[in-house]
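Colleague: I have this one open for the first time. Can you walk me through how it packs?

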Amino acid sequence: MSSKPPESGTDAEHGWGAMTPEAFNDWMDAMGYRTREEAAEALGLSVDSIKHYKTGRRSSDGKPVVYPLTLALACSALYHRLPAWSGRRMWAYQTPRSDRR
């Protein structure tokens, strides 16, 4: 699977960068984060970034915020309580190396 979004169609049609202020605020509510600081710590972002994602606008110039795909994926991973990727398979069953072809 490509890591780049498709060239045709809207972002929302493909799910690339389709996050909105409403979706971000819903995620914060679902996670039980009451403050920007809590969300910032969980996502490894600055409190100012969380402010921008909550409002959908940059405070410096009022321009719309671009929601990166990595943000949406991180929010989803945290919501589903997935651990950070370690490079090892996380499946319940793994074929032993000696049985692989």
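Colleague: Which residues of helix 2 meet helix 3?

Modeller: Phe24, Trp27 and Met28 in helix 2 meet Arg36, Ala39 and Leu43 in helix 3. Contact means heavy atoms within 4.5 Å, and helices (H or I, at least four residues) are DSSP runs, numbered from the N terminus. This is a predicted model, where local features need pLDDT of at least 70 and side-chain atom pairs count only at pLDDT 80 or more, while totals for chains, interfaces and linings use all residues. Residues are numbered from 1 along each chain as its sequence is written, and side-chain values use heavy atoms, with hydrogens and water left out.

Colleague: At what angle do the axes of helix 2 and helix 3 cross?

Modeller: They cross at roughly 90° and come within 11 Å. The two helices are therefore roughly perpendicular, a label for angles of 65 to 115 degrees. Axes are lines fitted to C-alpha atoms, for helices over the stretch in contact, and angles run from 0 to 180 degrees between N-to-C directions.

Colleague: And how do helix 3 and helix 4 pack?

Modeller: Helix 3 (residues 36-43) and helix 4 (residues 47-55) pack at about 110°, with axes 8 Å apart. That makes helix 3 roughly perpendicular to helix 4. Helix 3 brings Arg36, Glu37, Ala39, Ala40 and Leu43 to the contact, and helix 4 brings Val47, Ile50, Lys51 and Lys54. The residues of this contact divide into 5 nonpolar, no polar and 4 charged.

Colleague: Switching to the core. Which residues touch the most other members?

Modeller: In the largest nonpolar core, of 15 residues, they are Phe24, Trp27, Met28, Leu43, Ile50, Leu71 and Cys75. A nonpolar core is a set of buried Ala, Val, Leu, Ile, Met, Phe, Trp, Tyr and Cys residues joined through side-chain atoms within 4.5 Å. Helix 2 (21-31), helix 3, helix 4 and helix 5 are the elements that give two or more residues to this core. Helix 2 gives the most, with 4 residues.

Colleague: What does methionine 28 touch?

Modeller: Leaving out residues up to four places away in sequence, methionine 28 touches Tyr33, Thr35, Arg36, Ala39, Ile50 and Lys54.

Colleague: How many aromatic pairs are there?

Modeller: The count comes to 4. Rings of Phe, Tyr and Trp (its six-membered ring) pair if their centres lie within 6.5 Å; planes under 30 degrees apart count as stacked, over 60 as edge-to-face and the rest as tilted. Tryptophan 27 and tyrosine 33 have ring centres 5.4 Å apart and planes at 65°, so that pair is edge-to-face. For tyrosine 53 and tyrosine 67 the centres are 5.3 Å apart and the planes at 35°, so the pair is tilted.

Colleague: Are tyrosine 53 and tyrosine 67 buried or exposed?

Modeller: Both are buried, meaning under 20% relative accessible area, with exposed over 50% and partly exposed in between (1.4 Å probe, protein chains only). Tryptophan 27 and tyrosine 33 are both buried too.

Colleague: Which residues form the aromatic cluster?

Modeller: Phe24, Trp27, Tyr33, Tyr53 and Tyr67 form one.

Colleague: Last one. Where does threonine 35 lie?

Modeller: Threonine 35 lies in the loop between helix 2 and helix 3. Threonine 35 is partly exposed, at 32% relative accessible area.

Technical notes
Parallel < 35°, antiparallel > 145°, perpendicular 65-115°, else oblique. Nonpolar A, V, L, I, M, F, W, Y, C, P; charged D, E, K, R; others polar.
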